[in-house]
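Dear colleague,

Please find the structure below, handed over for your use. My findings on it follow directly after.

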Amino acid sequence: MAEDIAVTRFREYLRIKTVQPNPDYEGCVKFLFGLADELGIERKRYECVAGRPFVVMTIPGEEPDLTSILLYSHTDVVPVFPEHWKYDPFSAHKDEKGDIYARGAQDMKCVGSQYFEAIRRHFLHGKKQFRRTVHIVWGPDEEIGGTNGMEKFIETDEFKALNVGFALDEGLASESEIYKVYYAERCPWWIRVTFPGQPGHGSKFIEDTAAEKMQSFINNALTFRAEQKSLLQSDSSKTLGDVTSLNLTIVRGGVQTNVLPEKFECEFDIRVPPTVDYVQFEAMLNDWAKTAGKGTKIEYTQKAMIKNMTPTVMSDPFWAAFEGTLVSEGCEFTKEIFTGATDSRFLRSKGLRSIGFSPMKNTPSLLHDHNEYLNEKVFLRGVEIYEKLIENLASVPKE
């Protein structure tokens with residue numbers, strides 16, 4: 001049986017090595033422009049930072065004054081360790097079960113492909129226009145924080161001209177029958193803590209050492225971590241996105257075994273839900289530093305403080321269209337706060353509605369993992385769901 005063109009194009013997209021830290025963005029733009037040209041869709045390239053292109057495909061609406069629907073995906077993928085893969089991670093190998101192995105199969109070239117292939121099906125059925133304008137936007141550098149990507153693009157006149165009313169972005173695969181839908185996400189607080197201390201010979205009991213200060217701070221941090229973990233495990237109604245995660249990820253210091261260092265540094269990856277009081281949380285961190293001892297200093301390498309959450313009530317017309325579509329398609333789903341950080345945080349920071357949704361169920365979550373794959377039947381079911389979602393979201397009357 002011939003392979004569905006949606007799967008063929010998806011596999012072609014997966015073969016483009018948009019892998020950090022040196023993504024082939026030029027090859028990607030060429031491919032995406034080719035897709036748009038297949039269907040005669042208007043396409044443009046924008047760069048906020050040289051070599052970091054956005055591709056915007058636009059299907060003008062019947063009522064262009066209405067706000068638009070944004071179908072967003074990022075084009076870059078994380079690095080691979082090929083020796084741990086069954087197949088070349090950029091070959092898009094499809095096995096006898098229909099599992100397609102490639103970096104980006106789940107995160108998130110699948111979703112960008114599903115948007116586009118849903119539009120292709122609308123066009124094949126003779127529908128070339130929706131009530132609202134639809135923009136398919138492909139962005140760079142999400143996997144390294146979006147600093148040269150969506151964070152800058154959202155401030156441009158070009159983005160503002162898109163007149164976005166509602167956006168879709170990435171979610172996560174579900175290992176069960178129940179899809180996951182994300183209406184908010186935890187904010188990354190990445191901190192670097194410096195602990196100065198008295199240097200000296202390793203044979204002495206020197207006072208005011210960097211190690212003692214570091215131990216104090218780490219003890220408080222890991223106690224808090226254990227409390228949050230217990231909170232999650234003791235309440236079945238909570239998901240990871242409802243609690244604050246904290247992990248010690250880097251420790252630096254020391255010059256020689258018999259020399260006490262003049263300082264240690266630690267870095268922590270903290271993810272804070274939008275339901276937390278950020279002022280109180282920062283005060284707690286500062287108290288840990290004060291307790292640790294004189295000179296202990298906290299620096300923030302990332303500190304998002306976004307409280308905005310997308311409405312998930314039926315009185316919101318876009319949510320009503322989204323939920324109504326999933327219900328009509330027989331899709332069970334849960335509503336959650338996303339555990340990590342996506343480019344949706346930049347949209348929500350401007351008060352825009354954005355929902356994270358990757359229609360992959362009965363699929364192990366393998367983003368950033370070895371042997372990332374997606375089954376072609378799961379992929380094609382996602383295309384079907386997006387056909388209905390795009391139609392219904394773009395048909396929402398004036399708010």
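The axes of helix α8 (residues 317-328) and helix α10 (residues 376-393) come within 9 Å and cross at roughly 150 degrees; axes are lines fitted to C-alpha atoms, for helices over the stretch in contact, with angles from 0 to 180 degrees between N-to-C directions. Helices (H or I, at least four residues) and strands (E, at least two) are DSSP runs, numbered from the N terminus. That angle makes α8 roughly antiparallel to α10 (over 145 degrees). In the contact (heavy atoms within 4.5 Å), F318, A321, F322, T325 and L326 of α8 meet I385, K388, L389, N392 and L393 of α10.

This is a predicted model, in which local features need pLDDT of at least 70 and side-chain atom pairs pLDDT 80 or more, while totals for chains, interfaces and linings use all residues. Residues are numbered from 1 along each chain as its sequence is written, and side-chain values use heavy atoms, without hydrogens and water.

A second pair is helix α6 (residues 210-234) and helix α7 (residues 278-292), whose axes come within 7 Å and cross at roughly 145 degrees. Among the residues in contact there, F217 and F224 belong to α6, and W288 and M284 to α7.

The unreviewed UniProt entry lists H74, D107 and E170 under "binding site"; such annotations may be inferred rather than shown by experiment. These residues span 97 residues in sequence, yet no two of their C-alpha atoms are more than 8.8 Å apart, so they gather at one spot. H74 is found in strand β3 (residues 68-74).

Kind regards

Key:
Angles under 35 degrees count as roughly parallel, over 145 as roughly antiparallel, 65 to 115 as roughly perpendicular and the rest as oblique.
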